[in-house]
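Please look at the sequence and the structure below before reading on.

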Amino acid sequence: MDASVPAGNPIRGGLLKRFSAAVRNATKRAQSHREELLPNPEQSQQRPWFKYTNSYEFMERVRVGLPPVIICVACNGGIQGKEANEAIPETADEIARSVQDAYEAGASMVHIHARDPKQLTLGARDPDTWREVLHEVRSRCPEIIINATTGAGPGMTMEERASSLAATPEVASLNLAPDMSQFKLKQRAAPLPFPRPAQEIDECIPFTYGQIHQFAAEMKRRGIKPELELYHPGCAWVVRYLIEHDLLEKPYWVQTVMGYQTSSFPTVENVLQILKELPEDSLWLCSAIGPFQLPLTTLATLMGGHVRVGLEDNIYYSRGRKARNNAELVDRAARIAKELNREVATPAQARKMLGLRERPSPYYAAGDAPAHSTVGPH
Ligand SMILES: [Zn+2]
């Protein structure tokens with residue numbers, strides 16, 4: 001451009017020089033911004049998981065760019081309901097609407113507790129209710145990865161907890177420890193549906209090796225990816241058992257559950273300790289209860305892991321201020337990820353990272369399945 005400046009015209013030449021310098025600078029800024037957004041080719045050649053506590057791997061991963069963060073929204077849980085936060089979805093329609101908002105805010109996976117429509121304070125106990133809920137969610141969120149609980153809610157039998165598997169979610173949670181808990185539930189007063197007095201729960205869901213084996217075998221038979229819930233470092237024994245019995249496929253999708261009753265205290269040190277026990281080829285999801293959700297999911301974002309947020313684990317947005325909905329918590333997790341230079345995974349990216357089928361599983365409400373198809377995926 002400078003070559004085109006006519007000689008002997010210092011005024012015009014000066015203006016053009018200044019103009020072309022400004023264009024060059026602007027182009028440079030735009031290019032550097034684009035480069036920040038473009039995936040690093042070195043990154044795309046790497047597997048999306050690594051040994052999170054290995055210093056050398058961490059430095060190398062940060063240098064080339066940490067993989068996109070999978071945000072899982074734990075939308076409702078099986079213990080608290082609208083008496084704790086009005087935004088907790090309970091019916092199939094409420095769950096689907098809440099998940100749609102969270103999906104639009106950046107969630108690529110949803111973890112669901114279907115409720116019994118005849119008693120919304122209790123977990124669903126039959127496959128048809130599960131199919132109905134998964135169908136509603138899929139109708140509103142055509143791409144999201146659907147993850148159903150097998151932990152369910154208090155007072156349920158193992159058969160009832162397994163009822164979600166018959167609806168063949170793409171992923172299902174798998175408790176790896178006995179679940180001992182003691183808590184108070186607030187009174188649920190009218191006009192909320194199904195009012196009940198305040199309750200104190202004190203129970204232990206046993207989860208023996210044999211029962212966990214059965215759940216994992218059923219998931220394998222149905223092509224459902226287990227989400228391995230580690231409550232404390234000792235749960236790594238059970239992961240090892242499941243690998244030895246050929247019940248898991250790589251990558252292992254492991255969740256550190258921090259601060260839930262008899263799980264580890266929700267501290268940075270304890271997260272690191274559990275991570276040290278994970279087998280190779282583990283993709284890590286971090287959840288934490290109540291006020292610990294924000295710091296520990298941010299830790300996972302910093303370290304290259306994935307995050308679970310939502311009203312199941314935390315009904316507050318900030319101290320003393322309840323979350324307005326699931327989307328608000330997802331939106332914050334996505335903002336933090338972007339500020340920390342991590343892309344937010346789309347459902348398609350998350351499917352690839354987890355080794356799930358590319359095509360989202362269809363779900364049909366009872367009696368609604370097309371004649372040529374079985375209910376759910378194969
Ligand atoms: Zn759950």
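An axis is a line fitted to C-alpha atoms, for helices over the stretch in contact, and angles between axes run from 0 to 180 degrees between N-to-C directions. Two packed helices are described by the angle between their axes and the distance between the axes. The model is predicted: local features need pLDDT of at least 70, side-chain atom pairs count only at pLDDT 80 or more, and totals for chains, interfaces and linings use all residues. Residues are numbered from 1 along each chain as its sequence is written. Helices (H or I, at least four residues) and strands (E, at least two) are DSSP runs, numbered from the N terminus.

Begin with helix α4, residues 92–105, and helix α11, which spans 326–339. Their axes are 8 Å apart and the helices pack at an angle of about 15°. That angle makes α4 roughly parallel to α11; angles under 35 degrees count as roughly parallel, over 145 as roughly antiparallel, 65 to 115 as roughly perpendicular and the rest as oblique. The crossing of α4 and α11 is right-handed, a term used if the near helix is turned clockwise from the far one by less than a right angle, while anticlockwise gives left-handed.

Which residues in α4 and α11 meet? From α4 they are Ser98, Asp101, Ala102 and Ala105, and from α11 they are Asn326, Ala327, Val330, Asp331 and Ala334. The residues of this contact between α4 and α11 divide into five nonpolar, two polar and two charged. Here Ala, Val, Leu, Ile, Met, Phe, Trp, Tyr, Cys and Pro count as nonpolar, Asp, Glu, Lys and Arg as charged, and the others, Gly among them, as polar.

Next come two strands. Strand β3 (residues 115–116) pairs with strand β4 (residues 119–123) in the antiparallel sense, over two bridges; strands pair if DSSP finds at least two bridges between them. Asp116 stands opposite Gln119 in β4. The two strands, β3 and β4, form a hairpin with two residues between them.

Some loops hold backbone features to look for. In the loop between β7 (179–185) and β8 (199–205) is Pro191, joined to Ala190 by a cis peptide bond with omega about 10°. Another cis peptide bond, with omega about -10°, joins Lys250 and Pro251. Pro251 lies in the loop between α8 (236–244) and β10 (252–258).

Phe207 is not a glycine, yet its phi is positive, about 45°. Its place is in the loop between β8 and α7 (209–222). Is Phe207 buried or exposed? Phe207 counts as buried because it has 21 C-beta neighbours inside 10 Å. A residue is buried if 20 or more other C-beta atoms lie within 10 Å of its own, exposed if 12 or fewer, and partly exposed in between, with C-beta atoms placed from the backbone. Asn341 also has a positive phi, near 70°, and lies in the loop between α11 and α12 (347–354). Asn341 has 11 C-beta neighbours inside 10 Å, so it counts as exposed.

Pro233 is in the loop between β9 (225–230) and α8. With 16 other C-beta atoms within 10 Å, Pro233 is partly exposed. The C-alpha atoms of Pro233 and Ser264 are separated by 8.0 Å, although these residues are 31 residues apart along the chain.

Finally, consider the whole. The protein chain has 12 helices and 14 strands. Of its 378 residues, 42% are buried.

Methods: Two residues are in contact if their C-beta atoms, placed from the backbone, lie within 7 Å.
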